[in-house]
Amino acid sequence: MSGSGRAVVVVLASCGLVASFMQTLVVPLIPVFPRLLNVPAADASWVVTVTLLAASVITPVSGRLGDLYGKRRMILVSLGLLIAGSVVSATTSALAFQILGRGLQGCAMGVIPLGISIMRDELPPERVGGAISLMSATLGVGGAIGLPVAAVVAENADWHVLFWTAAGLGLACALLILTVVPESPLRTPAPFDFFGAFGLAAGLLCLLLPVVKGGTWGWTSAPTLGLAAAAVVVLLGWGAYQLRRRDPLVDLRVSARRPVLFTNLASIMVGFALYAMALSFPQLLQAPASTGYGLGQTMVESGLTLAPNGLVMMLLSPVSARLIARFGPRPTLISGALVIAAGYAFAIVLMDNAVELITASVIIGAGVGIAYAAMPALIMGSVPVTETASANGLNSLMRSVGTAISSAVMAAMLAQLTITVGGLPVPSLFGFRATFAVAAGAALAGALLAALVPRKRTAPTLVGV
């Protein structure tokens with residue numbers, strides 16, 4: 001790969017790391033947000049929830065806008081929203097403005113599918129595989145590395161410094177994009193479907209809000225059931241509208257093709273399995289040692305304990321590309337999902353000390369890195385070149401749906417399966433093992449769904465960077 005091509009890959013991957021970092025930026029602050037913002041815990045949770053919702057809505061929309069008006073331009077817009085949101089959150093302690101700022105930060109997640117599409121457009125075919133593997137890995141790596149970094153900053157400085165740091169990183173990424181990354185010449189000459197974008201946003205909000213907030217509102221409460229019913233109605237209506245459009249926001253006929261459909265379904269399962277580790281492992285590491293199974297680690301220690309799994313995802317990106325080149329993306333995705341399941345099985349049996357949990361997290365991280373690299377390869381091999389950004393955006397949305405469902409399921413299980421220590425409820429040993437078993441089951445379901453993707457008659461020619 002030429003020097004300029006490598007620079008493009010490095011810059012785009014760096015932007016992906018920063019975008020995914022926004023997902024875990026405030027995780028260390030979750031226990032103290034009610035005090036910092038002077039609001040009830042249920043209200044403070046919106047600072048985390050809104051980022052997930054914004055990322056889910058913006059990802060497919062930004063992908064389509066990239067196909068229409070330029071992928072580089074939309075990356076710059078996404079980074080501009082990240083910078084604006086970071087500045088808003090850095091300059092206030094008011095809940096409403098924190099929610100606004102965090103929502104704008106979530107819009108940065110569109111950078112990853114847009115970056116993958118630029119790589120396909122700009123790089124030589126034999127180098128696309130390795131570059132995409134690296135970019136896909138940033139989805140997990142940014143969050144894994146960002147967690148201990150955010151914890152260190154939160155413990156040793158004013159919490160607003162986190163947002164100033166995010167603004168600086170976003171500005172640096174925007175300058176690098178302007179300097180290094182060319183605009184892709186590939187465009188789709190069609191009008192943007194504003195009504196379709198509004199319908200998709202409304203449907204996703206109605207779908208994800210009860211998933212994320214159901215544990216707080218009550219799973220049988222009127223808001224939860226009402227929004228779930230509204231999601232069904234709105235998304236069905238949106239689907240019918242998209243099928244009638246000449247230039248839809250999401251081409252559902254392409255999305256219904258068996259390779260795309262089953263890849264997206266497998267993505268939900270893998271996203272579920274990834275987020276289960278992010279929620280359960282820190283709680284196990286920080287659980288009091290008096291429980292007999294908790295390790296009593298601090299926030300920073302637990303973040304550092306889990307950091308190696310993110311590094312493994314990054315280091316495995318060229319290996320993933322070679323697996324795809326040798327065996328194809330379908331077997332690679334199946335293998336990645338099976339490795340994730342093996343990691344959770346290891347954790348169920350061996351979770352007595354930090355070394356065992358690091359080993360389990362590294363195995364899971366390896367599986368995620370392999371699986372995440374295969375997903376865009378499967379998608380891009382099945383859609384027209386003019387729809388790569390929107391198709392990758394939809395695939396990223398499916399991963400976000402998986403993480404949202406995982407967030408609700410894992411939180412509900414750990415909240416219900418508890419013991420009392422020092423007068424406070426703590427997730428029980430059985431609760432942790434149950435969540436690991438559910439996550440392993442999700443990974444196995446992902447492998448089964450990937451097995452339903454049709455085989456390619458010709459082997460891909462992608463090789464590593």
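Colleague: How many salt bridges are there between domain 2 and domain 3?

Modeller: A salt bridge is a side-chain nitrogen of Lys or Arg within 4 Å of a carboxyl oxygen of Asp or Glu, and in this predicted model the count between domain 2 and domain 3 is 0. Residues are numbered from 1 along each chain, and side-chain values use heavy atoms, without hydrogens and water.

Colleague: Which residues of domain 2 lose the most area to domain 3?

Modeller: The size of an interface is often given as the accessible area lost when the parts come together. Between domain 2 (193-248) and domain 3 (251-455), with bounds from an automatic or database assignment, the buried area, which is the accessible area (1.4 Å probe) lost by two parts and summed over both, is about 800 Å², and carbon and sulfur atoms give 81% of that. In domain 2, Leu-208, Val-211 and Leu-243 lose the most, together 46% of what that side buries.

Colleague: What is the pLDDT over residues 457-465?

Modeller: Although the protein chain averages a pLDDT of 85, with 95% of the residues scoring at least 70, the value stays under 50 over residues 457-465, for which the model has 27 contacts (heavy atoms within 4.5 Å) beyond four places in sequence.

Notes:
This is a predicted model: local features need pLDDT of at least 70, side-chain atom pairs count only at pLDDT 80 or more; totals for chains, interfaces and linings use all residues. pLDDT is the predictor's confidence in each residue, from 0 to 100.
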